[in-house]
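This report describes two contacts between chains in a predicted model.

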There are 4 protein chains.
Amino acid sequence: MVKVAVIGASGYTGAELARLIQLHPQFELTHLYVSAGSVDKGKPLAQLYPNLIGTVDLPLLPLDEMALAQLGNQTDAVCLALDHLISAELAPKLLALGLVVFDLSGGHRFADASVYSNFYGFEHPAPELLTTAAYGLAEWQAERISAANLIAVAGCYPTASLSALKPLKQAGLISDGSRPVINAVSGVTGAGRKATINNSFCQVSLTPYGVLGHRHQPEIELQLDHEVVFTPHLGAFKRGILATITVQVPNGTTAADIDAAYSCYNDSSVVQLLPTGQWPKIDDVANTPNCLLSWKLDAERGVLVVVSAIDNLLKGAASQALQCMNIRFAVESGL
Amino acid sequence: MVKVAVIGASGYTGAELARLIQLHPQFELTHLYVSAGSVDKGKPLAQLYPNLIGTVDLPLLPLDEMALAQLGNQTDAVCLALDHLISAELAPKLLALGLVVFDLSGGHRFADASVYSNFYGFEHPAPELLTTAAYGLAEWQAERISAANLIAVAGCYPTASLSALKPLKQAGLISDGSRPVINAVSGVTGAGRKATINNSFCQVSLTPYGVLGHRHQPEIELQLDHEVVFTPHLGAFKRGILATITVQVPNGTTAADIDAAYSCYNDSSVVQLLPTGQWPKIDDVANTPNCLLSWKLDAERGVLVVVSAIDNLLKGAASQALQCMNIRFAVESGL
Amino acid sequence: MVKVAVIGASGYTGAELARLIQLHPQFELTHLYVSAGSVDKGKPLAQLYPNLIGTVDLPLLPLDEMALAQLGNQTDAVCLALDHLISAELAPKLLALGLVVFDLSGGHRFADASVYSNFYGFEHPAPELLTTAAYGLAEWQAERISAANLIAVAGCYPTASLSALKPLKQAGLISDGSRPVINAVSGVTGAGRKATINNSFCQVSLTPYGVLGHRHQPEIELQLDHEVVFTPHLGAFKRGILATITVQVPNGTTAADIDAAYSCYNDSSVVQLLPTGQWPKIDDVANTPNCLLSWKLDAERGVLVVVSAIDNLLKGAASQALQCMNIRFAVESGL
Amino acid sequence: MVKVAVIGASGYTGAELARLIQLHPQFELTHLYVSAGSVDKGKPLAQLYPNLIGTVDLPLLPLDEMALAQLGNQTDAVCLALDHLISAELAPKLLALGLVVFDLSGGHRFADASVYSNFYGFEHPAPELLTTAAYGLAEWQAERISAANLIAVAGCYPTASLSALKPLKQAGLISDGSRPVINAVSGVTGAGRKATINNSFCQVSLTPYGVLGHRHQPEIELQLDHEVVFTPHLGAFKRGILATITVQVPNGTTAADIDAAYSCYNDSSVVQLLPTGQWPKIDDVANTPNCLLSWKLDAERGVLVVVSAIDNLLKGAASQALQCMNIRFAVESGL
């Protein structure tokens with residue numbers, strides 16, 4: 001049994017991590033931590049998430065200096081479900097304790113530290129670590145993940161986008177000089193568990209945000225090695241991301257070419273192609289670890305539309321972290 | 001034209017008041033005020049509520065001492081869409097300026113000041129005013145409303161409940177010693193426009209609250225002169241209240257008796273009985289000033305179920321305030 | 001391994017049954033059947049429910065005479081997720097094949113066949129079977145369930161209602177002559193997977209239905225041995241039932257009495273009491289097999305409010321069927 | 001007073017038309033018709049739409065041959081809220097009676113009859129009328145509308161799309177050879193009032209449909225005179241369309257150029273530009289006649305994102321029809 005702790009367990013992603021680790025036959029959930037000043041410290045996680053009653057019995061412990069010091073003796077791995085900067089500050093300490101760190105924030109997704117000052121609003125506190133981190137997009141980075149002690153689990157929008165686009169890029173099916181247009185809609189859990197006027201029930205209604213400036217655009221472009229136009233939206237639902245992606249393909253591209261490109265997922269139990277003509281719905285992926293893909297080609301115009309759907313808290317965060325943990329510790333899936 | 005200002009215009013009720021007054025052919029909307037410290041001061045109301053673009057052009061002004069002092073010269077009436085205590089503190093000053101005050105808070109709904117310490121958590125700052133206020137349930141208090149300078153517009157749950165129960169009480173159709181059971185579900189606008197974890201999108205899901213202790217229970221009992229059991233719920237929708245009310249009726253009560261009791265609404269354009277067998281839905285009243293009622297009697301058991309639906313922001317607040325203003329200033333409906 | 005087939009697998013309950021049986025370590029899902037004339041015959045279940053991709057691979061087979069004849073050799077038990085009358089017609093044939101039948105319809109919940117003509121609109125085709133069926137409310141009928149070959153799995157509303165009321169009745173805490181008032185709201189999956197104008201997206205909005213005449217009222221009264229007033233509602237959400245129950249308790253009843261009554265669930269992993277002051281939300285039980293209860297007593301007035309929440313497709317149908325199967329075949333929970 | 005009848009009044013658009021005409025000070029709503037075989041014939045419209053109680057009192061009359069023959073004496077104009085083919089068959093008869101016809105279907109939006117066989121699935125029954133129809137996009141076709149007797153009110157998606165794109169096209173701000181990418185999400189009322197499994201409450205969840213083949217793509221391209229990629233989606237909400245449009249602009253395009261292009265709407269009370277950085281939400285336009293626009297330019301890459309929001313039943317149908325009627329009969333707005 002691999003022992004795992006979750007830091008930042010009171011948030012939506014943290015609670016999903018706790019549930020998945022608890023149910024995994026080869027992982028043992030050892031501790032749940034929140035920041036030392038959290039109003040939730042001391043509460044059972046299931047008090048915040050009554051759906052976990054009978055599944056997860058652990059309390060939310062405050063992560064003070066003493067708790068942090070003991071982590072090295074208590075566990076093998078930690079999952080960080082924290083803000084970007086806090087994760088970036090915490091990771092070096094955890095690695096120094098000999099722990100394997102799965103960071104679900106964006107704190108270690110870029111080798112180039114300047115991205116943090118440009119898109120995240122802070123100077124990275126440990127830039128020397130950035131080149132050691134594996135990017136945790138499980139289907140595409142297994143080799144690096146298996147050898148790393150710091151895994152930067154992929155972002156939710158990048159997971160939905162890259163799962164659709166990387167097979168095309170790899171097969172040379174994105175026209176040079178064209179920019180795929182990614183329109184994506186996320187459920188409100190994507191904004192985290194906190195009280196803001198924008199996320200209050202009566203204010204939520206389908207709308208774009210972060211237009212032409214969202215921090216997931218450079219993450220997608222870096223991993224795809226291709227420019228894109230990425231426009232995220234907030235939708236009035238709790239969980240899930242649907243990304244509709246319009247791609248200019250090279251002249252002469254056929255449906256068979258697209259089929260061949262996506263055959264890379266033939267052995268995946270997580271990324272699945274729907275039958276032609278069936279499109280994914282948000283609720284088809286909510287509460288599942290799957291990424292569902294479907295596409296249609298207008299061969300005459302050279303236009304391809306690919307649609308990708310994931311649960312932002314699962315394939316977009318917690319279950320992808322477990323995929324990475326499965327790879328890193330060479331255990332059976334258990335998802 | 002009767003000149004009217006709204007104080008507390010940045011909230012959901014305030015915005016509806018502004019819209020209704022603006023559209024009313026015999027009222028002139030003169031000013032919109034927010035508290036002097038509001039983050040929204042100076043903004044056009046339509047920036048907060050883009051659905052009002054093209055309808056309401058006024059900005060949200062800070063209600064400082066100077067603005068308050070000038071109100072007497074600028075307007076005839078004010079609507080207060082504020083917290084209970086703030087309304088109770090403000091009303092005496094406004095009345096002293098010669099204004100007619102329509103208070104949409106609970107600050108003046110009880111002649112007995114002890115209700116404020118017991119259910120509202122504060123000592124009433126102007127208890128001497130309480131007996132001068134008319135209770136603003138328009139269909140039932142027209143005479144008092146027409147003569148009052150301080151109108152305590154009825155609460156949202158009490159409006160839904162009393163519209164259903166008062167005709168029965170008046171007709172002697174509530175069994176002595178029995179307590180009608182009122183189960184009501186409100187949309188989230190009922191909690192006001194603010195950021196709280198409980199009202200954040202992902203936390204909202206049908207649930208009861210304030211069980212056996214909500215402050216609307218004494219308001220209903222006072223106005224009905226009968227004990228009730230009132231259980232409010234929060235529902236995952238934006239606006240509307242549906243109240244399902246179970247009443248023990250006296251032996252021998254017939255459907256004709258119930259019909260006769262509700263004939264009091266025959267001339268009302270606001271309170272409407274649905275045809276037998278058709279039950280109101282929340283969306284039948286959302287964005288309307290109506291109260292829809294429907295009922296069914298089990299004559300054998302002496303059990304009557306009455307269902308009442310209103311828009312909590314309209315008949316439960318803003319449009320009822322306009323009904324009261326119509327009565328007070330003796331103008332045509334204009335709703 | 002106990003072999004189990006599902007008949008009526010294309011509906012919402014059938015799909016949940018298929019998923020739960022598939023994931024249960026001691027059950028083997030052998031076949032999924034739909035009626036011989038179904039438009040869905042031949043399709044993989046996961047085509048209708050893409051969330052099951054990767055979990056359930058079986059197709060929907062037509063249940064013609066030949067398939068029916070072979071069932072006795074192929075499986076040990078069948079779950080019926082069908083209309084009431086079809087279940088009542090099919091059960092004798094399945095029992096004659098030596099199968100254990102778990103009927104999730106209302107077709108075998110009443111020993112008295114006259115209930116079918118009065119509330120279900122048909123003459124029961126096999127009234128002699130009715131007294132042999134065990135009522136499948138797992139926490140309360142384990143002994144009968146363990147010995148029966150025909151288990152009438154409890155209805156969704158009755159499960160929510162009886163789980164809250166039976167402990168009170170057993171403890172003598174429902175005043176003689178009083179009728180508990182049950183107001184319950186169900187998600188739209190409760191109406192089944194079919195196209196009707198009432199269940200079309202734009203028509204759904206919180207509303208009561210079946211007032212003073214729903215077929216679940218006699219089911220509750222029979223199992224509780226006490227009269228009740230039951231008013232169901234349709235809510236604008238997909239799954240879950242929240243029942244708010246108002247009970248007149250005998251003079252002198254204390255909170256300790258209520259606590260003692262509910263101590264019957266102390267060892268249950270399924271029925272759980274929330275801490276005092278925390279009320280269940282629909283989303284706390286959605287996608288879980290749990291029944292969450294919470295209550296508050298007004299000792300002075302002798303009024304008790306109990307709130308009960310379940311997932312209508314799980315504890316209200318599929319997971320309760322699995323609880324019954326666990327009992328009947330004496331296997332570990334596996335929920 | 002201009003007399004107006006609505007044919008097809010039982011649908012969502014028909015009911016909105018009835019409400020708007022009734023409330024318009026210069027229009028008189030004379031009759032509401034449904035097809036002679038409708039199950040709703042004889043019912044008051046407000047029975048189907050209880051939100052209209054107190055606003056529209058008229059019944060739904062069957063449109064048989066006799067009723068049709070009398071229409072010429074009873075009214076000045078008719079609005080058709082019917083299927084495409086039925087509208088196309090009915091329009092010549094109504095025009096022959098001397099009526100002005102506002103067709104809200106797609107039955108007269110194309111001069112080229114081949115579009116009907118290619119995209120609508122029928123041969124147009126009166127192709128000679130097609131060139132006489134004015135396209136009812138009110139801000140752009142006032143002159144033709146004012147002179148026509150047959151007005152083909154613009155489609156909902158085309159209205160949202162063209163309101164955003166036509167100013168850019170007119171200003172030469174869409175790069176030659178590039179195709180704007182329109183991703184749009186519509187509420188479920190867009191699918192009409194009918195019972196289908198796809199529109200049943202539990203099946204609805206954000207998903208694309210009609211990918212690379214929706215009939216609104218040729219309508220947009222014809223009116224814009226530019227190729228586009230149009231991908232519609234169904235969203236889990238009742239009313240509204242949000243279109244997110246990504247445009248490649250010519251090198252050197254500046255924000256001032258975009259501002260200048262949209263200055264064409266400076267005098268419009270219906271199409272409104274939001275302040276920079278504020279994006280429209282669906283609920284900002286629901287129940288309003290407005291089209292809200294906002295945009296952001298990445299001048300370096302030459303990428304412009306424009307977002308457009310309308311209520312599909314109002315600016316996308318009924319209130320746009322009223323705009324056209326205002327123009328045609330030269331009356332004040334009254335919206």
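Between chain B and chain D, 6 residue pairs are in polar contact, both residues at pLDDT 80 or more. The side of chain B that touches chain D is made up of 4 nonpolar, 8 polar and 3 charged residues. Chain B and chain D also share 2 salt bridges. In a salt bridge between these chains, the side chain of Lys238(D) meets that of Asp283(B) at 2.4 Å, N to O. The contact draws 15 residues from chain B and 15 residues from chain D. Within chain B, the residues that lose the most area to chain D are Pro50(B), Asn51(B) and Ile53(B), which together give 36% of what that side buries.

The contact of chain D with chain A involves 36 residues from chain D and 36 residues from chain A. On the chain D side, Leu206(D), Leu212(D) and Arg301(D) lose the most area to chain A, together 22% of what that side buries. Arg301(D) also forms a salt bridge with Glu227(A) through their side chains (3.6 Å, N to O). Elements giving two or more residues to the chain D side include helix 8 (216-224) and strand 14 (303-310) of chain D. Strand 11 of chain D gives the largest share, 4 residues. By class, that side has 18 nonpolar, 10 polar and 8 charged residues.

| Chains | Buried area | Share on carbon and sulfur atoms |
|---|---|---|
| Chain D and chain A | about 3100 Å² | 57% |
| Chain B and chain D | about 1200 Å² | 50% |

Definitions and conventions
Residues numbered from 1 in each chain as written. Chains lettered and ligands numbered in written order. Predicted model: local features only at pLDDT ≥ 70, side-chain atom pairs only at ≥ 80, totals over all residues. Heavy atoms only, no water. Contact = heavy atoms within 4.5 Å. Buried area = accessible area lost by both parts, 1.4 Å probe. Salt bridge = Lys/Arg side-chain N within 4 Å of Asp/Glu carboxyl O. Nonpolar A, V, L, I, M, F, W, Y, C, P; charged D, E, K, R; others polar. Polar contact = N/O pair within 3.5 Å; in protein donor to acceptor, adjacent residues only side chain to side chain.
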